[in-house]
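I opened my notebook with the sequence and the coordinates side by side, and I wrote down what I looked up in the order in which I looked it up.

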Amino acid sequence: MPFARLATATTPTSHLGLGLAAVGRPGYINLGREKDLGETRTVETLRTRTHELLDAAYAQGVRYFDAARSYGRSEEFLADWLTAHPDLDDIVVGSKWGYTYTADWTTDAEKHEVKDHSVGTYERQRAETADLFGDRLDLYQIHSVTPDSPALADKELHTKLAELAATGVTIGFSTSGPAQADAIRAALTVTVDGEPLFRTVQSTYNALETSAGPALTEAHDAGLTVIVKEGMANGRLAEPYAPDALKAVAEETALGADAVALALILRQPWAGVVLSGAATLEQLASNLHAAAVDLDEDQLARLATLVEEPGAYWERRGQLPWH
């Protein structure tokens, strides 16, 4: 399993990855996007920005990079960067299938992505991903599995994913929504020829949304690598939007609210990789300071008061506008 190479990384930032959702397309739901990207969001502008972020992340010890078919041109941008750096053989590349990008490089589309976990979509998107990455793909994940996802029960799909796993690609899944824990536990029961199909799980977990924690512990104990996404709650935990309790702890540590928010996740014993979703070099540098944050019990207790009820958290997330 190529993805397991991350376990041997020794740099302080090796447990931080870079997700490309925010820079692979002009529209997204992160707060503060107008300030981060400005008005010029051409393909070439975001390609250049993505490459700059990848350069900076690699130079600072990051080794896992995360894309998806639905993140606009994120796979294309990452593939271009990999082609320009053929000597970098310690990079781990992950992507996802299951959503199709439909916004046609606009910020005001009626629908930005369409979900479909069918075998047909898998075969189409797997071919598209292969055209870009070739043998550089290490991890392929089903995008946003929920308890009612047909991907959990589709034996034909499971067989095809196992065939891909036999070629050396790690198979994983991501989750979203208030029932993430149920989806994780259901996925842990999926087997092919008596062997677990999934080797990684990528879930939302942050200071506001912790409900997946117990199930992620179970996944970790079952041998899966846990990847954490949306550690910044789509910008809600970054300046200037961060809650007062988070801002106070950040001031005490002399680091950013974002670094503290990510450090809170890094300290979880099951957290294998925590994704930065930085859209600027400044955000990336600040995010990576999470590896140096040391939180005491009083600070942890104050941060624990930020937790929201899962239904309320996901309802608010669903109301965030694409811009």
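**Surface and overall form.** I began with the surface of this predicted model, where the protein chain exposes about 13,300 Å², of which carbon and sulfur atoms supply 51%. I then looked up burial and found that 56% of the 323 residues in the protein chain are buried. For the contacts with a separation of 6 or more, I noted that residues 24 or more positions apart account for 79%. The C-alpha trace spans about 50 × 40 × 40 Å along its principal axes. My count of secondary structure gave twelve helices and twelve strands in the protein chain. The radius of gyration is 18 Å, close to the 20 Å that the globule rule gives for 323 residues, so I recorded the chain as being as compact as a globular protein of that length.

**The barrel.** In which order do the eight strands close into a barrel? I read the order as E1-E2-E3-E6-E7-E10-E11-E12, with parallel pairing, and neighbouring strands of this sheet are turned by 25 degrees against each other on average when direction is ignored. I then turned to E1 (residues 16-19) and E12 (residues 271-276), which pair in the parallel sense over three bridges, with Gly17 standing opposite Leu275 in E12. Helix H9 (residues 257-266) packs on the sheet, where it touches E1, E11 (225-229) and E12, and the direction of H9 makes about 160 degrees with that of E12.

**Strand E6.** I followed E6 (residues 139-145) next, and found that seven of its seven residues are buried. On one side, E3 (residues 92-97) pairs with E6 in the parallel sense over four bridges, and the bridge partner of Trp97 in E6 is Ile142. E6 is also joined by five bridges to E7 (residues 170-175), again running parallel, and here Val145 stands opposite Thr175. Ser144 is buried, with a relative accessible area of 7%.

**His117.** Is His117 buried or exposed? I found His117 in the loop between E5 (113-115) and H4 (119-133), and its relative accessible area is 4%, so it counts as buried, the cut-off being under 20%. The side chain of His117 makes a polar contact with the side chain of Ser149 at 2.7 Å, while the backbone oxygen of His143 lies 2.7 Å from a polar atom of the His117 side chain. Leaving aside residues up to four places away in sequence, I listed the residues that His117 touches, among them Trp97, Ile142, Ser144, Val145 and Leu157.

**Helix H3.** For H3 (residues 74-84), I noted as buried Ser74, Glu75, Phe77, Leu78, Ala79, Trp81 and Leu82. What covers these buried residues includes H2 (43-59), E2 (64-66), E3 and H4.

**The loop between E11 and H8.** The peptide bond from Glu239 to Pro240 is cis, with omega near 0 degrees. Ala233 has its place in the loop between E11 and H8 as well, and I noted for Ala233 a positive phi of about 50 degrees, although it is not a glycine. Ala233 is buried, with a relative accessible area of 1%.

Key
Residues numbered from 1 in each chain as written. Predicted model: local features only at pLDDT ≥ 70, side-chain atom pairs only at ≥ 80, totals over all residues. Heavy atoms only, no water. Pairing = 2+ DSSP bridges. Helix = DSSP H or I, 4+ residues; strand = E, 2+ residues; numbered from the N terminus. Axes fitted to C-alpha atoms, helices over the stretch in contact; angles between N-to-C directions. Contact = heavy atoms within 4.5 Å. Rg over C-alpha atoms; globule rule 2.2 N^0.38 Å. Buried < 20%, exposed > 50% of the residue type's maximum accessible area, 1.4 Å probe, protein only. Areas by Shrake-Rupley, 256 points an atom, 1.4 Å probe, with all protein chains shown as cover. Polar contact = N/O pair within 3.5 Å; in protein donor to acceptor, adjacent residues only side chain to side chain.
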